[in-house]
Amino acid sequence: KMTQQMRDLQLAQARKPPGPSSPNAAKRLYRNLSGKFRVNYTSFDEGSLAGRGEKEKLRKSYLFQSNAALFEAVELQDLDRVQELLKQYSPEELDLNTPNSEGLLPLDIAIMTNNAPIARALLQAGAKESPHFVSLESRSLHLSTLVREAEQRVNELTAQVVNEAPNADCSEKEKQLKAWEWRYRLYKRMKAGFEHARVPDAPTNVHLSVASSSSVQVTFWEPLSVNSAVVTKYKVEWSSSPTFSPPLGEAVIDKLKNLHFTIRGLVSGTAYYVQVSAYNMKGWGPPQASVPPFAIPSNWREYDGRAPRRRGQAEALDHLLGQVKTVHQHCVCHEPCKNQPQSRKHSVSKSLKHLFHPGSKFLKTLKRGLYLTAIFYKDDNILVTHEDQIPVVEIDDTYSCLLMQDFLWFTKVSCMWDEILWLRQCVTVSQSSCSCILQTRFKMLLAISQMQGLLGIQDLGQVFFEPVKDKQGNILIVTLKEVKTSQTFESVRWVPICKLQTSRKSVSSPEEPTALDTLLISIQDKLAYHQRSSHALSPGLYLGYLKLCSAVDQIRVLVPERLPNILCHVKIRSNPNISREEWEWLQKMASVEEPVPAEPEAETTQNHLFQELQVAIKELMTLVNIPLQEAKDFRLYSQEVLDFGGQVSFLLLLPPSDDVCTAPGQNNPYTPRSGFLTLPLQIFELGEEG
């Protein structure tokens, strides 16, 4: 029970504008806390602070004030102020889960006044209910005590105000009376809220899915009715019996930002039943069984015992490359380079000074030929030479028609920027064959080495998916790399892109711009492509649309501009796993003669997948501008599920066999709307690998 002196001091501050009380008031308040609800705050007594600096004393005082401000904001139901404090301070700084002198926490006040928005904000910040309320009876008794004592204090102060003559003390008593009257109404509202509340209804939309060969995932929504009390936690139970006897395990979820839970460590091939119940201050509500009622941990590969496609491939390729290097280590082509260090590392700050050296080999203008340009950018700035030019080096001044095979070879080389010196040495030995292809590729390697040396940077970034050409016979191969803000460079000239575009003096006409002018005009589009091509999909199962078109020297694939490293797609669900039962149903669906197979039984994982696929196909057909009636001839690729790192998986939707790849000159009646482009298949594969 709180002492009379402490209540007077605390309530004298209650009706002040939002803001904390003074440090002196805090000292007096904590000296008078009752033993029952005394909090283990750091003492504010002057003796305990004697060895601390003034800065530490001010900090602790300020944090105590923020805690008082949070209580006041919750009591006044000021949601904006509560959110502001939660954003400004950490839960530890706010003492979010330390009871006040009345044994209450901010969350207790929010839920007993049934203020759902504030309660949800507190719960998401990690707020808990008071540990003093071990039972319904203890909570009821505590609220009754608070109401009774507040009423008694109001009566005492009312008598004092009525009987005393007007003076300064009387004015202070009137302030205390108003504060206690307000607090009396608050406690009565909290008591009424508790008495009228009932246990919550069962959670809704409890859905069970197979997450892997050893886990299942349950997702759920809030109850339709919480019965005048905010739900503060949920309980997930699982068993191998539909009666939940015996139970195999349970988990309490008190972090309510995402209402889902993954049950791990299960036995593959065993059926597990799951149910979920909700809790509020009146206790646990009834459990809700999941739909489907059980799930069997499995993976689609168990259907035929198939091993992952890429298992061990990366290691095998590394081993193969190592063997090739070993064979070439004592090759005659390496003799001139034996005196050179195998791994020459330039100082970035030293090498970048080449950008400003008058003897730099960067080109200012293009003649008829093949060139390499490297675009390094940071935010809206771009790296330029001392003459404010994008770095350009010559590959071959006699090369006027870039063959697609050479360009695709260059893109593969971009995966080995650190191995250029070694590749040059290996290609050199074959030059005696006078192969034009080898000559060109050797010159490409020389140009890469020259660009790396002049910039002092090994990694030149990602190759743009097509060269920039002009009518004068110039061809630019473009690489793009974003420089992170954490990287620091000395003596490097960064120029705003807009400034570079406006200050460049064009030597060509608008009707026939040079390759460099074309590059500058379209540079924002290329940077946007580069940024979007590095984005990753969120975890889940997706439906992808495979559409190819062929030309004389290449095959191109349709991709969305917003994510050019992925096929056109829509999301089916957040769970990327396809269970054995789902895959077995898909196999049966692929083998039937009828275009529309029979719908699977209700309340099964197969039925949920069937419904999800129906929605996804409609959405995907709309996305790529194909009438839904045409989709009746489309097929699901049933050979495998495309798996990307375990967190993203794809089912493929294919057009009829004759329409998968559009031949040159073939009419395609359904062209996608804006927002799509076609990439060379090899470029797409490199982007997908990345």
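First, the ground rules. The model is predicted: local features need pLDDT of at least 70, side-chain atom pairs count only at pLDDT 80 or more, and totals for chains, interfaces and linings use all residues. Residues are numbered from 1 along each chain as its sequence is written, and side-chain values use heavy atoms, with hydrogens and water left out.

Helices first. Helices are DSSP runs of H or I, at least four residues, and strands are runs of E, at least two, numbered from the N terminus. Axes are lines fitted to C-alpha atoms, for helices over the stretch in contact, and angles run from 0 to 180 degrees between N-to-C directions.

Take helix H12, residues 404-413, and helix H14, residues 436-455. Their axes come within 11 Å and cross at roughly 40 degrees. That makes H12 oblique to H14. Oblique is what remains once angles under 35 degrees count as roughly parallel, over 145 as roughly antiparallel and 65 to 115 as roughly perpendicular.

Who touches whom? Contact means heavy atoms within 4.5 Å. From H12 come Gln-405, Asp-406, Trp-409, Phe-410 and Val-413; from H14, Ile-437, Thr-440, Arg-441, Met-444, Leu-445 and Ile-448. That contact of H12 with H14 divides into 7 nonpolar, 2 polar and 2 charged residues. Here Ala, Val, Leu, Ile, Met, Phe, Trp, Tyr, Cys and Pro are nonpolar, Asp, Glu, Lys and Arg are charged, and the others, Gly among them, are polar.

Next, helix H18, residues 580-591, against H19. The axes are 9 Å apart, at an angle of about 60 degrees. H18 is therefore oblique to H19. Glu-581, Glu-582, Trp-585 and Leu-586 of H18 meet Thr-605, Gln-606, Leu-609, Phe-610 and Leu-613 of H19.

Now the rings. Rings of Phe, Tyr and Trp (its six-membered ring) pair if their centres lie within 6.5 Å; planes under 30 degrees apart are stacked, over 60 edge-to-face, the rest tilted. The count is 13 aromatic pairs. One of them, Tyr-545 with Phe-634, is stacked: 6.1 Å centre to centre, 10 degrees between the planes. Tyr-545 sits in strand S16, Phe-634 in the loop between helix H19 and strand S20, 89 residues apart. Both are buried. Buried means under 20% relative accessible area, exposed over 50%, partly exposed in between (1.4 Å probe, protein chains only).

Last, Gln-647, in the loop between strands S21 and S22. Beyond neighbours within four places in sequence, Gln-647 contacts Pro-539, Gly-540 and Pro-576.
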